[in-house]
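Me: I am new to this structure and would like a close look at a single part of it. Please take me through that part slowly, and then through a few other places that help me find my way around.

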Amino acid sequence: MGHVDHGKTTLLDAIRHSRVAEREAGGITQHIGAYSVEINNRRIVFLDTPGHEAFTLMRARGARVTDIVVLVVAADDGVMPQTREAIDHAKAANVPLIVAINKIDKANANPERVKTELSELGLTPEDWGGHTVTVEVSAKKQTNLELLLEMILLVTELGELKANPKRGAFGSVLEAKIDRGRGPIATILVKDGTLRIGDNFIAGSIVGKVRALIDDRGNKQEEAGPSSPIEVLGLTGLPQPGDTFQVVADASKARQISMLRQNQAKQKSLGEKGGRLTLESLQQQIDEGETKELPIIVKADVQGSAEVLADALGKLGDERVKVRLISSGAGAINEGDIVFAAASNAVIIGFNVRPDRNAAAMAEREEIDIRLHRIIYDVTDEIKKAMAGLLEPTVKEIQVGAAEVREVFKVPKFGAAAGCLVTEGKITRAGGIQARLLRDHVVIHEGRIGSLRRFKDDVGEVKNGLDCGIAFERYADIKAGDIIEVFTQEKVAATV
């Protein structure tokens with residue numbers, strides 16, 4: 001994992017060619033998205049995360065698929081946004097992390113600066129007295145690749161990462177597809193146990209019996225042991241990427257589990273108990289002993305606000321439930337935050353920021369609880385009341401419309417007016433309507449519209465796709481590219 005253009009794919013290719021080709025061990029191709037290498041008579045399986053859509057889906061569903069994360073950081077670029085995101089993912093999944101400082105062959109490479117930036121994020125290198133394994137490598141020059149592989153083996157030994165090949169197979173679905181000639185096929189990673197032809201299994205809510213096992217070279221196998229990526233034939237349907245794959249004693253037991261999971265999925269789709277963690281459901285889950293901590297992701301308009309809010313929330317909690325801060329940062333709530341919240345079943349707290357359009361749609365699909373505030377005390381009070389089961393009626397926001405500012409004009413009465421194009425819904429000045437000004441998805445101002453014009457005429461509303469002029473009451477700091485949203489609010493009783 002790591003930031004774009006830091007050399008993840010190049011490093012994977014270098015490892016595959018240097019180790020697999022010379023030992024003729026055979027590699028898992030892009031067909032499966034994983035491959036194995038052999039070193040010191042031991043095998044390491046790499047999941048090819050770049051471009052592997054199933055990996056994102058697995059993280060989004062909270063599947064702990066990998067045993068170790070190799071974080072690739074370019075020595076000439078340092079820690080970047082996706083680097084921080086990868087670190088947060090590894091911490092949330094409680095997976096050991098090894099840092100590969102890549103591109104040390106470049107003239108402007110500065111590995112020490114990378115180590116300093118990592119230390120600031122809580123990853124102090126071992127040679128600086130910390131606990132994070134770092135290896136300086138060059139994928140292009142194939143420098144220290146064997147050392148990196150040896151460090152991976154060392155971390156597995158220290159973490160006592162072991163599997164029992166004598167038990168029934170247990171693993172995760174990497175991807176699934178329908179083959180016209182062979183029917184439903186699932187590519188799975190066996191994490192523990194051994195999968196054999198004839199085994200009854202369940203993958204998510206899909207049952208089946210292993211009819212064939214196909215390895216990376218297209219050869220049929222009789223069995224697949226721990227850490228083996230393999231294609232399985234014999235499913236009755238398509239499981240989801242990230243679903244748990246497990247061998248069961250008999251077919252009737254598999255069908256019972258399948259029926260139970262299908263019923264749970266139906267209940268969740270109907271909005272019954274069993275969905276995502278929300279502040280409303282927190283007290284009920286605490287009472288039933290289901291929740292011991294409240295995972296939270298904090299996004300704020302500036303880094304200083306994020307740090308203050310993270311510190312305040314981190315001090316909350318009692319003997320029944322603790323607040324666990326997953327991550328905090330500055331900027332709009334984006335799709336990466338939603339994926340992260342889905343992976344860790346977290347609640348997102350937005351302070352003076354809004355989710356962008358794609359993130360809002362994704363949050364609705366994934367049923368992620370997003371709480372938006374402009375006063376820091378309101379945030380801490382809401383969390384306290386949620387833990388005490390004393391949530392007051394929540395305020396539900398109903399968006400009426402949005403407009404993009406194309407040009408700004410000076411006007412005597414209001415100071416400035418915005419020439420806008422209505423992009424969603426309608427812009428209106430009706431009673432109870434409020435308006436906010438967004439700049440890069442950060443809330444700049446909230447108030448009321450003082451003037452709404454269509455050409456030279458005062459109007460009550462302007463519909464989607466039309467131009468208009470908008471001026472705020474007692475506010476004039478408007479710039480081209482800003483977004484104006486109009487909305488209403490209604491109180492919804494908390495359901496604890």
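Which residue in strand 16 is the bridge partner of Ile 296?

Reply: Please keep in mind throughout that this is a predicted model. In strand 16, Ile 296 has Leu 325 as its bridge partner, and in strand 17 the residue bridged to Ile 296 is Val 347. To place these pairs, begin with strand 15, which covers residues 293–300 and is mostly covered, with 7 of its 8 residues buried. Strand 15 is joined by 8 bridges to strand 16, made up of residues 322–330, and the two run parallel. Strand 15 also pairs with strand 17, residues 347–351, again in the parallel sense, and here the pairing extends over 5 bridges.

From there, turn to strand 13 and the residues around it. Ser 227 is found in the loop between strand 12 (223–224) and strand 13, and its phi is near 60°, a positive value in a residue other than glycine. With a relative accessible area of 32%, Ser 227 is partly exposed, because that value falls between the 20% under which a residue is buried and the 50% over which a residue is exposed. Ser 228, by contrast, lies in strand 13, which takes in residues 228–235, and Ser 228 is buried, since its relative accessible area is 12%. When its neighbours within four places in sequence are left aside, Ser 228 is in contact with Arg 43, Ile 188, Leu 189 and Val 190.

The loop between strand 13 and strand 14 (244–248) holds Asp 243, and this loop residue is buried, because its relative accessible area is 18%. Leaving aside neighbours within four places in sequence, the contacts of Asp 243 are with Gly 171, Ser 172, Val 173, Ala 203 and Gly 204.

How values were computed. Residues numbered from 1 in each chain as written. Predicted model: local features only at pLDDT ≥ 70, side-chain atom pairs only at ≥ 80, totals over all residues. Heavy atoms only, no water. Helix = DSSP H or I, 4+ residues; strand = E, 2+ residues; numbered from the N terminus. Buried < 20%, exposed > 50% of the residue type's maximum accessible area, 1.4 Å probe, protein only. Contact = heavy atoms within 4.5 Å. Pairing = 2+ DSSP bridges.
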